[in-house]
Amino acid sequence: MTICHTTDTTFKDDLKSEGFTLVNFWAPWCAPCRSFGPVLEEFDREYSNEVRSLKVNVDEQSNTANQFGVMSIPTTILFKNGEPIDKIIGVVRIEELKQFITDKKN
């Protein structure tokens, strides 16, 4: 599965209503966001059967970013059954991202 670039209009439909969805808020000018991109892509390759991955460009989709109080980027929010359950602010290594998900699944 590939990471879905969602919009203010499609966010609710793109957000999986059942199971886990990882939503990354980013911007193309943000250096930490660009360094986190490959981590998110690697995570998606390994976990796409268990967790859906979405990306929200905060410059273009500000309503969604505002809805979830995103003040710093990158911010990554984990949703379960369509509801936000936890978030990570900043860049993390792939191991930390995997552990973040594993902790919430148990």
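Where is the place of N81? N81 sits in the loop between β4 and β5; helices (H or I, at least four residues) and strands (E, at least two) are DSSP runs, numbered from the N terminus.

## Basis of the model

This is a predicted model, in which local features need pLDDT of at least 70 and side-chain atom pairs count only at pLDDT 80 or more, while totals for chains, interfaces and linings use all residues. Residues are numbered from 1 along each chain as its sequence is written, and side-chain values use heavy atoms, with hydrogens and water left out.

## Backbone features in loops

N81 is not a glycine, yet has a positive phi of about 55°. Most residues other than glycine have a negative phi, and most peptide bonds are trans. At 42% relative accessibility, N81 counts as partly exposed; buried means under 20% relative accessible area, exposed over 50%, and partly exposed in between (1.4 Å probe, protein chains only).

The peptide bond from I73 to P74 is cis, with omega near 0°. P74 belongs to the loop between α3 (62-67) and β4.

## The disulfide

One disulfide is found in a search of the whole structure; the term stands for a pair of cysteine sulfur atoms within 2.5 Å. The partners are C30 and C33, with their sulfur atoms 2.5 Å apart. The link of C30 and C33 is right-handed, with 75° about the S-S bond.

C30 is buried, with a relative accessible area of 4%. C33 is also buried, at 4% relative accessibility. C4 is in no disulfide, and the nearest cysteine sulfur, that of C33, is 18 Å away.

## Helix α2

Helix α2 covers residues 31-47, which makes 17 residues. From its first C-alpha to its last, α2 reaches 25 Å, close to the 24 Å expected at 1.5 Å a residue; the expected span of a helix is 1.5 Å times one less than its number of residues. A kink of about 30° lies at G37 in α2, shortly before the proline P38. The bend at a residue is the angle between axes fitted to the seven residues ending there and the seven starting there.

The buried residues of α2 are C33, F36, G37, V39, L40, F43, D44 and Y47. Contact means heavy atoms within 4.5 Å.

K55 is found in strand β3. K55 is buried yet has no salt bridge, and the nearest side chain of opposite charge, E41, is 5.7 Å away. For charge, Lys and Arg count as positive and Asp and Glu as negative, while His and the chain ends are not counted. Not counting residues up to four places away in sequence, K55 touches I3, C4, H5, T6, N24, W26, G37 and L40.

V92 lies in the loop between β5 (83-89) and α4. V92 is buried, at 12% relative accessibility. Leaving aside neighbours within four places in sequence, V92 is in contact with F36, V39 and L97. V92 and F36 are 56 residues apart in sequence, and their C-alpha atoms are 7.2 Å apart in space.

## Salt bridges

The count comes to three salt bridges, where a salt bridge is a side-chain nitrogen of Lys or Arg within 4 Å of a carboxyl oxygen of Asp or Glu. In one of them, the side chains of K98 and E46 meet at 2.8 Å, N to O. K98 lies in helix α4 and E46 in helix α2, so this pair ties together parts that are 52 residues apart in sequence. K98 is partly exposed at 21% relative accessibility, and E46 is partly exposed at 42%.

The side chains of D86 and K104 also meet in a salt bridge, at 2.9 Å, N to O. D86 lies in strand β5 and K104 in helix α4, so this pair ties together parts that are 18 residues apart in sequence. Relative accessibility is 29% for D86, which counts as partly exposed, and 28% for K104, which counts as partly exposed. E96 forms a salt bridge with R93, the closest N and O atoms being 3.4 Å apart. E96 is partly exposed, with a relative accessible area of 37%, whereas R93 counts as exposed at 53% relative accessibility.
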